Amino acid sequence: MKPGHSAVPLRIVSDDETDSTLRAADQAPPRIVFLYSEPSPYIVACWRELKKRYDAELMIFHWDTNAAAPFILDINPIGTAVSRKGLSRREVLDRVLAFNPDGLFISGWADRDYLRVAASCKKLGIPVILGLDTQWTGSLKQRFGCATARFWLHPAVNVIWTPGERQAQLANHLGYQGKNCWYGVYCCDWRSFSIPDDAEPEREDSFLFVGRYATEKGISDLVEAYSIYRTKAQDPWPLYCAGLGPLSHLLGEVAGIHDLGFVQSHALPTVMRKYGGVFILPSRVEPWGVVLQEAAAAECPLICSSACGAGVHLLQDGLNGLRFQQANSAELADCMLRLSSTSPERRAQMGKASALLALQYTPERWAQTIVEGVAQRRRPE
């Protein structure tokens, strides 16, 4: 096993497997608490799968919805949803302990009260898993955090659950390796985005971007690249953008760009199947990028920047897309020209390859990872 890889055995669970095949008959349903920040559709899909396949009992603490991503989500049918707003650390801890969980998940360390609650639970023998999507950069700040992790992080966390390799490097430096470092904390709602074997999407010859219209997402680089692309392409494709943000005005400055506005999660698969002739994620800063997996699951050829953490696992250059150096609009324009000039048959092959790569991460695998991982942690040493 490579350093940093999860020791939890993983497999993709088929739809026709029942709860009885996934859990011993005499094993009680797992009880898991999530101390979460801002829920997104993909984590809700994972919670739903956890509830469905393991009959899990969930308590989910969450921050208010981010105004930059106003998703309409309904958590209550999945578990007990508790707004973090107005709750003290003591109140959160009391509710957690009253729930008597088998395990606790904390979404990062930004909420210091969450981290203190996790430390209290760890002292009581409750396994604590921390989700980490920050990439290892080797900065002075990261090195200091790693050097002092035994004081502020180790007392609170048993396992770090990362999306992929770049994040696992940071987890390893923090002192979490082998069975204490898992992969696959992020995954898309596979059933919603994937395309049935007997169906063929009728896509437009067009580019698609989905994300916030903000500097860190590379929207200005994309607009500049598209402008360059239009001067070079004989029959330029249109560019569709779905999102919100402070740089939305840039989209109206170049012909051929169409602003779809913010698209709710239930409508996004249709948008990708219609406009995702090639999906582009041009981010300057992108710890992971679940949207890249959503596009891959929808069988889109991909273009992404070197900053995208998900690109390491979901984009094989030349197989299912192209990668460019972040903030390099000329290089991005060249990628757009190359893929739009590729034959439809070749792009279809690239889309199929994207879908296969996207199968690395599914809600079924996510649910299995946390249930089996918590169960192993709860066993006597």
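## Terms and basis

A residue is called buried under 20% relative accessible area, exposed over 50% and partly exposed in between, with a 1.4 Å probe and protein chains only. The model is predicted: local features need pLDDT of at least 70, side-chain atom pairs count only at pLDDT 80 or more, and totals for chains, interfaces and linings use all residues. Residues are numbered from 1 along each chain as its sequence is written, and side-chain values use heavy atoms, with hydrogens and water left out.

Helices (H or I, at least four residues) and strands (E, at least two) are DSSP runs numbered from the N terminus.

## Thr362

Thr362 counts as buried because its relative accessibility is 3%. Thr362 is placed in the loop between helix H14 (344-358) and helix H15 (363-378). A polar atom of the Thr362 side chain lies 3.1 Å from the backbone nitrogen of Arg365. Contact means heavy atoms within 4.5 Å; apart from neighbours within four places in sequence, Thr362 is in contact with Cys187 and Trp190.

## Helix H2

Helix H2 (residues 41-54) has 14 residues and end C-alpha atoms 20 Å apart, which agrees with the 20 Å it should span at 1.5 Å a residue. The expected span is 1.5 Å times one less than the number of residues. Of the 14 residues, 11 are buried, so H2 is largely enclosed by the rest of the structure. Among the buried residues are Trp47, Glu49 and Arg53. Asp55, which follows H2, has a positive phi near 55°.

Two strands pair if DSSP finds at least two bridges between them. In an open sheet with parallel pairing, 7 strands take the order S3-S2-S1-S4-S5-S6-S7. Strands S3 (80-83) and S7 (181-183) stand at the edges with a single partner strand each, so one side of each is left without a neighbour in the sheet. The twist from one strand to the next averages 20°.

Axes are lines fitted to C-alpha atoms, for helices over the stretch in contact, and angles run from 0 to 180 degrees between N-to-C directions. Helix H4 (residues 112-123) packs on the sheet, touching S1, S2, S4 (103-106) and S5 (128-131), with its direction at about 160° to that of S4.

## The six-stranded sheet

Another open sheet, also paired in parallel, holds 6 strands in the order S10-S9-S8-S11-S12-S13. Strands S8 (residues 207-210) and S9 (residues 239-242) run parallel and are joined by 4 bridges; Val210 stands opposite Ala242 in S9.

Terms used: A polar contact is a pair of N or O atoms within 3.5 Å; within protein, one must be able to donate a hydrogen and the other to accept it, and residues adjacent in sequence count only if both atoms are side-chain atoms.
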